[in-house]
Amino acid sequence: MSFVGAMFLMSMGLSGLLAIGASELVGKPFVAGDLPGVTYTVERCSDYFEYHPEAVNCAEAAADHHYDELVGNRLTEGVLGLVLLVSWWLARSTFRGRLGREVVPPSFEPTACAALFTASAILLGGPGTIQLLVVGTAGGAGALLSTALVSAMAAVAFWAVLIRRLREQGRLLV
């Protein structure tokens, strides 16, 4: 399961990099802006201006603050995923063959990753697309869409690995 967790965390880090790129192309409100109608109290606006005194209004200060948190959290998750992946690989290479027979079948990890990333792509891509195309606002859609895009790419990769493994095991004839 640590491999699955590492893949999830590393995908979050990659979505943080995509969010940075999207903000450079479209702007921070696309990634971390609020939906129309969201308002903040004077006290909350003061908090946002404390972090971003260069902002021209409360909405911009809020978007900048949300963007900093979103990207910072995702990049941190990516680094943790990389550490977990290296730890998994070291443990696997150190103890391979010493623990007896393999408890988890070789198709488990790609099955879990393919299923989770497919679900993530659908559950995040749908609302992000609806927000962008149907609701007509880009406020924050980039956060959903960047994660959905990474999830879709990971899903395709893990489905390919799963199909290959099932063929190798003789469980898939196609």
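Ser-11 lies in helix 1; helices here are DSSP runs of H or I with at least four residues, numbered from the N terminus. The model is a predicted one, in which local features need pLDDT of at least 70 and side-chain atom pairs count only at pLDDT 80 or more, while totals for chains, interfaces and linings use all residues. Residues are numbered from 1 along each chain as its sequence is written, and side-chain values use heavy atoms, with hydrogens and water left out.

Ser-11 counts as buried because its relative accessibility is 9%; buried means under 20% relative accessible area, exposed over 50%, and partly exposed in between, with a 1.4 Å probe and protein chains only. A polar atom of the Ser-11 side chain lies 2.7 Å from the backbone oxygen of Phe-8. Leaving out residues up to four places away in sequence, Ser-11 touches Phe-117 and Val-150, where contact means heavy atoms within 4.5 Å.

Phe-117 is also one of the buried residues of helix 5, among them Cys-113, Ala-114 and Gly-125. The cover over these buried residues includes helix 1 (2–25), helix 4 (58–95) and helix 6 (141–168). Helix 5 (residues 108–135) has 28 residues and should span 40 Å at 1.5 Å a residue, which agrees with the 39 Å between its end C-alpha atoms; the expected span is 1.5 Å times one less than the number of residues.

The largest nonpolar core has 13 residues, of which Phe-3, Met-7, Leu-85, Cys-113, Phe-117 and Phe-158 touch the most other members. Such a core is a set of buried Ala, Val, Leu, Ile, Met, Phe, Trp, Tyr and Cys residues joined through side-chain atoms within 4.5 Å. Helix 1, helix 4, helix 5 and helix 6 each supply at least two residues of this core. A second, separate core of ten residues includes Ala-19, Tyr-67, Ala-141 and Ala-143.

The structure holds four aromatic pairs. Rings of Phe, Tyr and Trp (its six-membered ring) pair if their centres lie within 6.5 Å; planes under 30 degrees apart count as stacked, over 60 as edge-to-face and the rest as tilted. Two of the pairs are listed below.

| Pair | Centre to centre | Angle between planes | Type |
|---|---|---|---|
| Phe-3 and Trp-88 | 4.8 Å | 45° | tilted |
| Phe-117 and Phe-158 | 5.9 Å | 5° | stacked |

Phe-3 lies in helix 1 and Trp-88 in helix 4, so their pair ties together parts that are 85 residues apart in sequence. Phe-117 in helix 5 and Phe-158 in helix 6 are 41 residues apart. Phe-3, Trp-88, Phe-117 and Phe-158 form one aromatic cluster.

How values were computed
Polar contact = N/O pair within 3.5 Å; in protein donor to acceptor, adjacent residues only side chain to side chain.
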